[in-house]
Amino acid sequence: QVQLVESGGGLVQPGGSLRLSCAASGSIFSINAMGWYRQAPGKQRELVAAITSGGSTNYADSVKGRFTISRDNAKNTVYLQMNSLKPEDTAVYYCNALIQPPGSTWLNNYWGQGTQVTVSS
């Protein structure tokens, strides 16, 4: 079994910063891409940022220049540094990872439980 455990959400004022973390644990041979998605009330879940095992990154246009995704492969952990936060960034943020189980050649898709980020004065 694999678990993704997120932390770092909370309430922040507009213009503030938060750092989200997501640690993967369990039966893992390797982790391919990792990423962060978010879902605001009444909206579909959307990709915020993603990072490959080699460090290539991809961002939603709405967060470019404000958010930075990074990962520590030794710790099976992905981070999302969020700066200059806006009220429209308010959402539940979900960690996602493509993980290769030991002894396999395929990838399984896993999600974290979600962490609430609220940007409000």
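Strand 1 and strand 3 run antiparallel and are joined by 6 bridges; strands here are DSSP E runs of at least two residues, helices are H or I runs of at least four, and both are numbered from the N terminus. Two strands count as paired if DSSP finds at least two bridges between them. This is a predicted model: local features need pLDDT of at least 70, side-chain atom pairs need 80 or more, and totals for chains, interfaces and linings take in all residues. Residues are numbered from 1 along each chain as its sequence is written, and side-chain values use heavy atoms, with hydrogens and water left out.

**Strand pairing**
- V5 has A23 of strand 3 as its bridge partner.
- Strand 3 also pairs with strand 8, antiparallel again, over 6 bridges.
- Overall, the protein chain has 11 strands and 0 helices.

**The disulfide**
- Searching the whole structure turns up 1 disulfide (a pair of cysteine sulfur atoms within 2.5 Å).
- C22 and C95 form the bond, at an S to S distance of 2.1 Å.
- C22 sits in strand 3 (residues 18-26) and C95 in strand 9 (residues 91-100), so the pair ties together parts 73 residues apart in sequence.
- The S-S torsion for C22 and C95 is about -80 degrees, so the disulfide is left-handed.
- C22 is buried at 0% relative accessible area, and C95 is buried at 0% too; buried means under 20%, exposed over 50%, and partly exposed in between, using a 1.4 Å probe and protein chains only.

**The nonpolar core**
- The largest nonpolar core has 30 residues, and W36, L80, M82 and Y93 touch the most other members.
- Such a core is a set of buried Ala, Val, Leu, Ile, Met, Phe, Trp, Tyr and Cys residues joined through side-chain atoms within 4.5 Å.
- Strand 9 gives the largest share of this core, 5 residues.
- Beyond neighbours within four places in sequence, Y93 is in contact (heavy atoms within 4.5 Å) with residues including E6, W36, F67, L80, M82 and V117.

**Whole-chain numbers**
- For 121 residues, a compact globule would have a radius of gyration near 14 Å, and the protein chain agrees at 14 Å; the radius is taken over C-alpha atoms, and the globule rule is 2.2 Å times the number of residues to the power 0.38.
- Of the 121 residues in the protein chain, 40% are buried.
- Among contacts with a separation of 6 or more, 55% link residues 24 or more positions apart.
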